[in-house]
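Here is a short tour of a protein chain, written for someone who likes to see the cut-offs next to the values. Please keep the viewer open as you read.

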Amino acid sequence: MSTAAYTVKGMTCGHCVSSVKEEVGEVAGVTNVEVDLATGLLTVDSDGPIDAAKIAAAVEAAGYEVANP
């Protein structure tokens, strides 16, 4: 099991959090997604290492940006 953390920029409400969780949750191998709206912290649990570019692409698909891909 692997855990990675990212900072997401641009989220302003609960709907933003839901969108990011939904998109990142669809990345292959992801087992759990937590998003903290106040800090922008995105925590991703997975079966194994996942390419940060795939997480960043999922965040961008939700309409937001990863500050530290």
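What does the accessible surface of the chain come to, and what percentage of it belongs to carbon and sulfur atoms? The chain has about 3800 Å² of accessible surface, and carbon and sulfur atoms hold 50% of that; the areas come from the Shrake-Rupley method with a 1.4 Å probe, and for residues only the protein chains shown count as cover.

A word on the ground rules. This is a predicted model, in which local features need pLDDT of at least 70 and side-chain atom pairs count only at pLDDT 80 or more, while totals for chains, interfaces and linings use all residues. Residues are numbered from 1 along each chain as its sequence is written, and side-chain values use heavy atoms, with hydrogens and water left out.

**Overall build**

The chain contains two helices and four strands, and from the N terminus they follow the order β-α-β-β-α-β. Helices (H or I, at least four residues) and strands (E, at least two) are DSSP runs, numbered from the N terminus. The radius of gyration is 10 Å, close to the 11 Å that the globule rule gives for 69 residues, so the chain is as compact as a globular protein of that length. That radius is taken over C-alpha atoms, and the rule is 2.2 Å times the number of residues to the power 0.38. Along the principal axes, the C-alpha atoms fill a box of roughly 30 × 20 × 15 Å.

Of the 69 residues, 35% are buried; buried means under 20% relative accessible area, exposed over 50%, and partly exposed in between (1.4 Å probe, protein chains only). Among contacts (heavy atoms within 4.5 Å) with a separation of 6 or more, 59% link residues 24 or more positions apart.

The four strands make an open, antiparallel sheet in the order 2-3-1-4. Strand 2 (30-36) and strand 4 (65-66) are the edge strands, each pairing on one side only. Two strands pair if DSSP finds at least two bridges between them; strands 2 and 3 are joined by six bridges in the antiparallel sense. Here D36 sits opposite L41 of strand 3.

**Two residues of strand 3**

S46 belongs to strand 3 (residues 41-46). Its side chain comes to 2.5 Å from the backbone oxygen of G48. Beyond four places in sequence, S46 touches M1, S2, G29, V30 and T31.

T43 also lies in strand 3. Leaving out neighbours within four places, T43 is in contact with T3, A4, A5, N32, V33 and E34. T43 and Y6 are 37 residues apart in sequence, yet their C-alpha atoms are 6.5 Å apart in space.

C16, whose nearest cysteine sulfur is that of C13, is in no disulfide.

| Residue | Relative accessible area | Class |
|---|---|---|
| S46 | 3% | buried |
| C16 | 5% | buried |
| T43 | 22% | partly exposed |
| C13 | 31% | partly exposed |

Technical notes: Polar contact = N/O pair within 3.5 Å; in protein donor to acceptor, adjacent residues only side chain to side chain. Disulfide = S-S within 2.5 Å.
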